[in-house]
Amino acid sequence: MNKEVIIEKINGFLIDEFEVDGDDIQPNANLKETLGLDSLDYVDLVVSIESNFGVKLVEVDFVGIDTFQTFYDLIENKLKVKA
């Protein structure tokens, strides 16, 4: 799965699940602020990633994840390790 497909898939479920405007999702935008994430939302995000990509995220994975780009990179790296 290439980076563009990963980004498109992530953005698609973020728009659906978190009801965020697609125009607000920009690589350098703050993930938590843009999505309005609280602790329960992170659980939903983890479940969405697992169901869409088959990779598990744990709390430590979110350390240093502040922008959409760093989140995309995290998922891409998890998929590479899984492959």
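Okay, let's start with helix H1. At 1.5 Å a residue, its 16 residues should span 22 Å, and the end C-alpha atoms are 22 Å apart, so the two agree. Keep in mind that this is a predicted model.

Just after H1 comes Glu19, which takes a positive phi of about 50°.

So which residues of H1 are buried? They are Ile6, Ile10, Asn11, Phe13, Leu14 and Phe18. And what covers them? The cover includes H2, H3 and H4.

In soluble globular proteins, nonpolar side chains tend to be buried together. Here, the largest nonpolar core has 25 residues, and Ile10, Leu14, Phe53, Phe71 and Ile75 touch the most other members. Helices H1 (3-18), H2 (31-35), H3 (39-53) and H4 (68-82) each put in at least two residues. H4 gives the most, with six.

Let's zoom in on Ile75. Leaving out residues up to four places away in sequence, Ile75 touches Ile6, Ile10, Ile49, Phe53 and Leu57.

Last one: Tyr72, which is in helix H4. Is Tyr72 buried or exposed? Its relative accessibility is 3%, and buried means under 20%, so Tyr72 counts as buried. Asp41 is 31 residues away from Tyr72 along the chain, and their C-alpha atoms are separated by 17 Å.

Definitions and conventions
Residues are numbered from 1 along each chain as its sequence is written. This is a predicted model: local features need pLDDT of at least 70, side-chain atom pairs count only at pLDDT 80 or more; totals for chains, interfaces and linings use all residues. Side-chain values use heavy atoms; hydrogens and water are left out. A nonpolar core is a set of buried Ala, Val, Leu, Ile, Met, Phe, Trp, Tyr and Cys residues joined through side-chain atoms within 4.5 Å. Buried means under 20% relative accessible area, exposed over 50%, partly exposed in between (1.4 Å probe, protein chains only). Helices (H or I, at least four residues) and strands (E, at least two) are DSSP runs, numbered from the N terminus. Contact means heavy atoms within 4.5 Å. The expected span of a helix is 1.5 Å times one less than its number of residues.
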